[in-house]
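The following note sets out numbered comments on the structure shown below. Each point treats one feature or one group of related features.

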Amino acid sequence: MSEQPTDRPTSPRPSDDAVVELTSVSKVFWGTGRGAVRVEALSHIDLSIRRGEFVSLIGPSGCGKSTLLRIVGDLIGVSDGTVMVNGKFARAARIGREYGMVFQAPVLFDWRTVQRNVELPLEIVGRPRAEREAKARQMLELVELGDFAGHHPWQLSGGMQQRAAIARALVLDPAILLMDEPFGALDEMTRERMNLELLRIWERTGTTVVFVTHSIPEAVFLSTRVVVMSARPGRITKVVPIDLPRHRDVETRETERYFELVTEVREALRGSEGESGATEAARRVAAEGLA
Amino acid sequence: MTAASAPGSDAGRSTGLDAARTVRGWLLPLGIFIGALAVWDVLVRVLGLPQFILPAPSKIAASWLANLPELWASTTYTLAEVLGGLLIGCGGGIVVGVITARWVGLRESLLPFAVAVNSIPIIAFAPLFNNWFGLDNQLSKAMVAAMLCFFPVMINTARGLSHVDPAALELMRAAAASDWQIFRSVRVPSALPFVFTALKVATTMATIGAIIGEYFGAPSLSIGQYIVRYAAFLNLERSWAAIAFACAIGIGLYLVVVLVERLVMPWHATFRVIADGG
């Protein structure tokens with residue numbers, strides 16, 4: 001991990017502990033075409049994520065959770081508010097490679113071997129070849145793909161491809177790992193295995209994780225905090241702290257506390273949906289009629 | 001190179017199988033080809049077709065052998081034009097394609113124009129090219145060939161470079177990659193299949209362009225003039241023999257492009273089907 005002493009949460013000021021600091025973040029999209037439709041994707045989001053946390057963003061589709069993640073990663077700009085990532089503005093954080101990103105699709109390049117795919121971020125930064133190879137190997141070992149370094153992406157299963165994508169995201173030892181429904185395309189069994197896998201990686205690297213999902217069990221099982229969002233305008237309706245023991249395994253899913261927390265998140269979600277769900281559906285139909 | 005280290009433990013066995021499959025893949029079309037020639041030969045004899053309508057393949061082969069030096073000289077002359085045309089047309093097409101893909105404004109103003117020009121029958125300009133570059137100049141035919149190649153190559157290059165998986169671009173952006181790094185690591189590899197498709201079309205186009213250019217005037221030792229001359233004399237075996245050489249140029253160049261394609265992008269889906277089957 002990063003050896004800089006500034007990265008350690010030893011500083012007296014509490015704000016230094018926040019790796020992601022969102023202050024009153026809003027995002028408005030303008031629909032294209034006649035009668036430009038104004039869509040308020042996010043409205044006044046305040047969120048502070050501490051170092052080493054695992055925070056899940058959950059909500060109905062269209063609640064802007066992926067947009068929020070992309071704002072943290074400076075892949076989308078804000079309409080209003082400020083985004084600080086690891087003490088820098090989002091753009092500076094992206095250029096400083098403060099975070100690694102994993103998307104729903106693995107986005108591995110067919111023309112590169114798995115090893116060379118993982119090396120890509122190191123190549124972009126211009127690290128020497130020997131260092132690239134060693135570091136990529138180390139990351140592949142971490143995600144247990146050491147034996148598949150010389151394979152091409154299409155020779156790997158979906159779960160293995162996503163593990164390679166995680167290795168690539170971690171190869172620069174980023175302070176933050178941003179994950180956008182990384183296991184959404186996987187079957188339930190693979191997904192649960194990947195969840196355990198991810199927790200193991202999180203424990204070993206100590207990276208802060210921001211994780212977008214629409215699976216309640218996944219969010220509860222992985223997170224230290226679950227952020228529940230509602231749709232248009234995308235808002236945070238509730239933050240559920242997950243007080244399960246830090247080390248989790250298959251049995252965690254069978255504990256009483258786990259079920260209670262799943263229920264709590266589910267109810268928070270239902271509450272946020274009841275508020276805007278029905279009217280939102282009607283509004284959306286009207287908007288589509290206009291287009 | 002990479003193919004050897006590819007999947008599975010039974011690499012040795014599967015290459016043997018692949019070779020057998022490749023031979024079988026070649027044998028069938030070859031058999032059909034020879035069969036068709038035989039049927040053609042028999043039909044011509046049975047129906048008693050006159051030589052100036054359709055000569056028998058055996059006659060064509062005899063004429064081919066008898067006039068080999070002359071045909072060979074004509075073929076190399078025409079081949080030089082085709083290669084020159086390919087070089088100018090494809091080279092220019094790739095360069096302009098890259099430029100238009102790089103600057104969006106340029107693409108939007110140039111591409112409709114290119115598509116429009118592409119639908120003009122460029123062959124109509126062949127006699128003009130003879131005036132511009134000289135009847136006996138190989139460049140005049142090479143330019144007809146180049147004109148025919150240019151637009152498909154340019155349009156496909158521009159399209160391949162700009163139609164990139166948006167997720168790949170997002171990934172590169174997240175990694176704070178420079179435009180040049182995105183171009184080299186994502187756009188070029190994504191464009192290769194498009195470019196090679198265009199290059200395959202271009203080999204056929206260039207052969208057509210050169211020969212048609214020669215129809216409007218060229219030295220007598222060229223495929224186009226050879227075909228026209230002996231067709232006029234109703235000495236069709238010799239025309240057909242020249243046509244066979246023209247086909248060989250077209251097919252040969254096409255195969256060269258396929259070979260280069262395999263070497264340049266062995267990772268592409270069209271080439272891994274065979275490996276996966278084993």
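1. Contact between the chains. In this predicted model, 16 residues of chain B are in contact with 19 residues of chain A. On the side of chain B that touches chain A, the elements giving two or more residues are α7 (166-174) and α8 (179-215) of chain B. Helix α7(B) provides the largest share of that side, namely six residues. By residue class, the side of chain B that touches chain A comprises 11 nonpolar, two polar and three charged residues.

2. The secondary structure of chain B consists of 11 helices and zero strands. The C-alpha atoms of chain B occupy a box of roughly 70 × 55 × 30 Å along the principal axes. Of the 278 residues in chain B, 34% are buried. Among contacts in chain B with a separation of 6 or more, 76% are between residues 24 or more positions apart.

3. Packing of α3(B) on α8(B). Helix α8(B), already named for its part in the side of chain B that touches chain A, also packs with helix α3 (residues 68-102) of chain B. The angle between α3(B) and α8(B) is about 135°, and their axes are 9 Å apart. The two helices, α3(B) and α8(B), are therefore oblique to each other; an angle would have to be over 145 degrees to count as roughly antiparallel. The crossing in which α3(B) passes α8(B) is right-handed.

4. Residues between α3(B) and α8(B). On the α3(B) side, the contact is made by T78(B), E81(B), V82(B), G85(B), L86(B), G89(B), C90(B) and I94(B). The residues from α8(B) include V195(B), L199(B), A202(B), A206(B), A210(B) and E214(B). This contact of α3(B) with α8(B) divides into 10 nonpolar, six polar and two charged residues.

5. The open sheet of chain A. In chain A, four strands form an open sheet with antiparallel pairing, in the order β2-β1-β4-β5. Strands β2 (38-50) and β5 (88-89) of chain A stand at the edges with a single partner strand each, so one side of each has no neighbour in the sheet. Strand β4 (residues 80-85) of chain A is joined to β5(A) by two bridges and runs antiparallel to it. Within this pairing, V85(A) has K88(A) of β5(A) as its bridge partner.

6. Strand β8(A) and its partners. How many bridges join β3(A) to β8(A), and in which sense do they pair? Strand β3 (residues 54-58) of chain A pairs with β8(A) over five bridges in the parallel sense, and F54(A) has V209(A) of β8(A) as its bridge partner. Strand β7 (residues 176-180) of chain A is also joined to β8(A) by five bridges, again running parallel. In that pairing, the bridge partner of D180(A) is V212(A) of β8(A).

7. Burial of β8(A). Strand β8 (residues 208-213) of chain A is mostly covered, with six of its six residues buried. In a regular strand the side chains alternate between the two faces of the sheet. For β8(A), both faces are covered: T208(A), V210(A) and V212(A) are buried on one side, and V209(A), F211(A) and T213(A) are buried on the other.

8. The β9(A)–β10(A) hairpin. Strand β9 (residues 225-230) of chain A and strand β10 (residues 235-241) of chain A pair in the antiparallel sense over six bridges. They form a hairpin, with four residues between β9(A) and β10(A). In this pairing, R225(A) stands opposite P241(A) of β10(A).

9. Packing of α5(A) and α6(A). Helix α5 (residues 158-170) of chain A packs with helix α6 (residues 188-205) of chain A at an angle of about 20°, with their axes 11 Å apart. That angle makes α5(A) roughly parallel to α6(A). The crossing of α5(A) and α6(A) is right-handed. From α5(A), the residues that meet α6(A) are G158(A), G159(A), Q162(A), R163(A), I166(A) and L170(A); their counterparts in α6(A) are T190(A), R193(A), M194(A), E197(A), I201(A) and T205(A). This contact of α5(A) with α6(A) comprises four nonpolar, five polar and three charged residues.

Notes
Residues are numbered from 1 along each chain as its sequence is written. Chains are lettered from A and ligands numbered from 1 in the order in which they are written. This is a predicted model: local features need pLDDT of at least 70, side-chain atom pairs count only at pLDDT 80 or more; totals for chains, interfaces and linings use all residues. A residue is buried if 20 or more other C-beta atoms lie within 10 Å of its own, exposed if 12 or fewer, and partly exposed in between; C-beta atoms are placed from the backbone. Two residues are in contact if their C-beta atoms, placed from the backbone, lie within 7 Å. Two strands pair if DSSP finds at least two bridges between them. Ala, Val, Leu, Ile, Met, Phe, Trp, Tyr, Cys and Pro count as nonpolar, Asp, Glu, Lys and Arg as charged, and the others, Gly among them, as polar. Axes are lines fitted to C-alpha atoms, for helices over the stretch in contact, and angles run from 0 to 180 degrees between N-to-C directions. Angles under 35 degrees count as roughly parallel, over 145 as roughly antiparallel, 65 to 115 as roughly perpendicular and the rest as oblique. A crossing is left-handed if the near helix is turned anticlockwise from the far one by less than a right angle, and right-handed if clockwise.
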